[in-house]
Amino acid sequence: MGNSPFAIIKPLAKLSDKAIGLFKNKIKKSIGGDNECWIWKHSLTSRGYGMIQWGGKIYMTHRIAFFINRGYDPSPLCVCHTCDNRACNNPKHLFAGTNRDNQMDKVSKGRQFKGENHPRAKLTEAQVRQIRVFSEVDGISKARIGRWFGVTDVMVGLIVRRKAWPHVA
């Protein structure tokens, strides 16, 4: 969070009942009621989080929903979603946690990109298997393998030692 304009919501302590009502009117509660996601109906960040501008500052809406419902600003903690829906503002789906808590939640739910599903992956799982065969069986140098596959010799070494792509058999 650091220097993010979204991190500090202390000015919201002065929210009037009218402002809270306006905020709540911009949330779409689903037919399922209090246990379903409450979706922000207006501006979203490029990553899908609800955002709103108040007093010349931009705030993440799930932080505001947490603040309104719980009555305190959890800074410097993150406000995390149990539902994994970034546009959700249902306070029942929100919890305060560290960045590590948020990351571990993501990993435990299988939402962490890995392997060829990662947007910046340069290799496929089949190529990783080929790299291991070329190095371990054929004895070809890591530098040469790296040139063939467009990766560094260091990455080839990590792949061979199963430090990178450990999930590939």
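The lining of the second largest pocket comprises 8 nonpolar, 4 polar and 3 charged residues (Ala, Val, Leu, Ile, Met, Phe, Trp, Tyr, Cys and Pro count as nonpolar, Asp, Glu, Lys and Arg as charged, and the others, Gly among them, as polar). The structure is a predicted model, in which local features need pLDDT of at least 70 and side-chain atom pairs count only at pLDDT 80 or more, while totals for chains, interfaces and linings use all residues. Residues are numbered from 1 along each chain as its sequence is written, and side-chain values use heavy atoms, with hydrogens and water left out.

The mean pLDDT of the chain is 86, with 91% of residues at 70 or more; pLDDT is the predictor's confidence in each residue, from 0 to 100. Over residues 1–11 pLDDT stays under 50. Where pLDDT is low, the predicted coordinates should not be read in detail.

Tryptophan 165 follows helix H6 (153–160) and is buried at 12% relative accessibility (buried, under 20% relative accessible area; exposed, over 50%; partly exposed, in between; 1.4 Å probe, protein chains only). Its phi is positive, about 60°, although tryptophan 165 is not a glycine. Aspartate 84, in the loop between E5 and strand E6 (94–97), also has a positive phi, near 65°. Aspartate 84 is partly exposed, at 28% relative accessible area. The peptide bond from serine 75 to proline 76 is cis, with omega near 10°, and proline 76 is placed in the loop between H2 and strand E5 (78–81). Most residues other than glycine have a negative phi, and most peptide bonds are trans.

Serine 135, in helix H4 (residues 125–136), is buried at 12% relative accessibility. Beyond its neighbours within four places in sequence, serine 135 is in contact (heavy atoms within 4.5 Å) with Ile140, Lys142, Ile145 and Val160.

Note on methods: Helices (H or I, at least four residues) and strands (E, at least two) are DSSP runs, numbered from the N terminus.
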